[in-house]
Amino acid sequence: MASGSSGIVAGLTVAALATVGFLAYQASANVPAGLGGPDTGSPAAAAALKAPLGQENPTALPADSGEGERVVYSLDRDRVWLVGPGNEVSRTFKVTPGTVAPAPGTYAVRSRSNRITGTDGIPVEHVVRFTSVDGVAIGFSAAVDNRAPLSRRPAKTGGIRESRADGDAMWKSATIGVKVVVVR
């Protein structure tokens, strides 16, 4: 008789676990947007993610990057953040730096060109310049054909390359006079 009771208990336990698992699945599948954890699909949400304790989130806006509307460029992370009013990150993306880097500091967008040929011979668009180093203009640009910078570039290039989609966003955000904050 004892083996019959244990079989019933085991069967009920299996049924209970299956029911709990099914209900947990249904609950997770029907969570309203924003309640199921961080939205990692948008650039702003990606920048807001918190890193595990003791580790820095590579997409998090650098703490020492100022306030207000600005473009933030991290030399160490090869990453840009477009920051709007209220310190809201509208977009963050990886970039490929040129061979000449600006010093950390605060600059302002001083010139823009819709389309030119880069110093590496690749046609680029949405060029946003903010400083120069030893006569080399430093700014953001996107290759018209989304090509990466040539590996055999001239000795000194100041173009910081971004994708065309990121270049479009930069072009809309970084008008003449907008702050560009360069951080390590």
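**Close-up views of a predicted model**

Of the 184 residues in the chain, 36% are buried, where buried denotes under 20% relative accessible area, exposed over 50%, and partly exposed the range in between (1.4 Å probe, protein chains only). The model is a predicted one, in which local features need pLDDT of at least 70 and side-chain atom pairs count only at pLDDT 80 or more, while totals for chains, interfaces and linings use all residues. Residues are numbered from 1 along each chain as its sequence is written, and side-chain values use heavy atoms, with hydrogens and water left out.

**View 1. The chain contains three helices and nine strands.** Helices (H or I, at least four residues) and strands (E, at least two) are DSSP runs, numbered from the N terminus. Along the sequence these elements follow the pattern α-α-β-β-β-β-β-β-β-β-α-β. Among contacts between residues at least 6 apart in sequence, 49% join residues at least 24 apart; a contact means heavy atoms within 4.5 Å.

**View 2. Four strands form an open sheet in the order β5-β6-β7-β8, with mixed pairing.** Two strands are taken to pair if DSSP finds at least two bridges between them. The edges are held by β5 (111-117) and β8 (159-162), each with a single partner strand, so one side of each has no neighbour in the sheet. On average, neighbouring strands of this sheet are turned by 30 degrees against each other, direction ignored. For such angles, axes are lines fitted to C-alpha atoms, for helices over the stretch in contact, and the values run from 0 to 180 degrees between N-to-C directions. Helix α3 (residues 164-173) lies across β5, β6, β7 (136-143) and β8, and runs at about 55 degrees to β6.

**View 3. Strand β6 (residues 123-133) pairs with β5 in the antiparallel sense over six bridges.** Within this pair, T117 stands opposite P123 of β6, and S113 stands opposite V127 of β6. Five residues lie between the strands of the β5 and β6 hairpin, where G121 takes a positive phi near 85 degrees. Strand β6 also pairs with β7, again in the antiparallel sense, over seven bridges. Here V128 stands opposite F140 in β7. The hairpin of β6 and β7 has two residues between the strands, and D134 in this hairpin takes a positive phi near 50 degrees. Eight of the eleven residues of β6 are buried, so this strand is largely enclosed by the rest of the structure.

**View 4. A further open sheet has five strands in the order β3-β2-β1-β9-β4, with mixed pairing.** Strands β3 (89-94) and β4 (105-108) stand at its edges; each has a single partner strand, so one side of each is left without a neighbour in the sheet. Neighbouring strands of this sheet are turned by 20 degrees against each other on average, direction ignored. Strand β2 (residues 79-83) pairs with β3 in the antiparallel sense over five bridges, and W81 stands opposite T92 in β3. Helix α3 packs on this sheet and touches β1 (70-74), β2 and β3, its direction making about 140 degrees with that of β3.

**View 5. D166 is found in helix α3.** This residue counts as buried, at 10% relative accessibility. Leaving aside residues up to four places away in sequence, D166 touches R91, F93 and K94.

**View 6. R77 is placed in the loop between β1 and β2.** R77 is buried, with a relative accessible area of 17%. A polar atom of the R77 side chain lies 2.8 Å from the backbone oxygen of A60. Between R77 and T59, the C-alpha to C-alpha distance is 8.8 Å, although the two are 18 residues apart in sequence.

**View 7. The largest pocket is lined by 21 residues.** A pocket is defined on a 1 Å grid over the protein atoms alone, as an open set of points where a 1.4 Å probe fits, with protein on both sides within 12 Å along at least five of seven lines; lining residues have an atom within 4 Å of a point. Of the lining residues, G118, T119, A137, G158 and G159 lie nearest the centre. Strands β5, β6, β7 and β8 each supply at least two residues of the lining. The largest share, six residues, comes from β7.

Methods
Polar contact = N/O pair within 3.5 Å; in protein donor to acceptor, adjacent residues only side chain to side chain.
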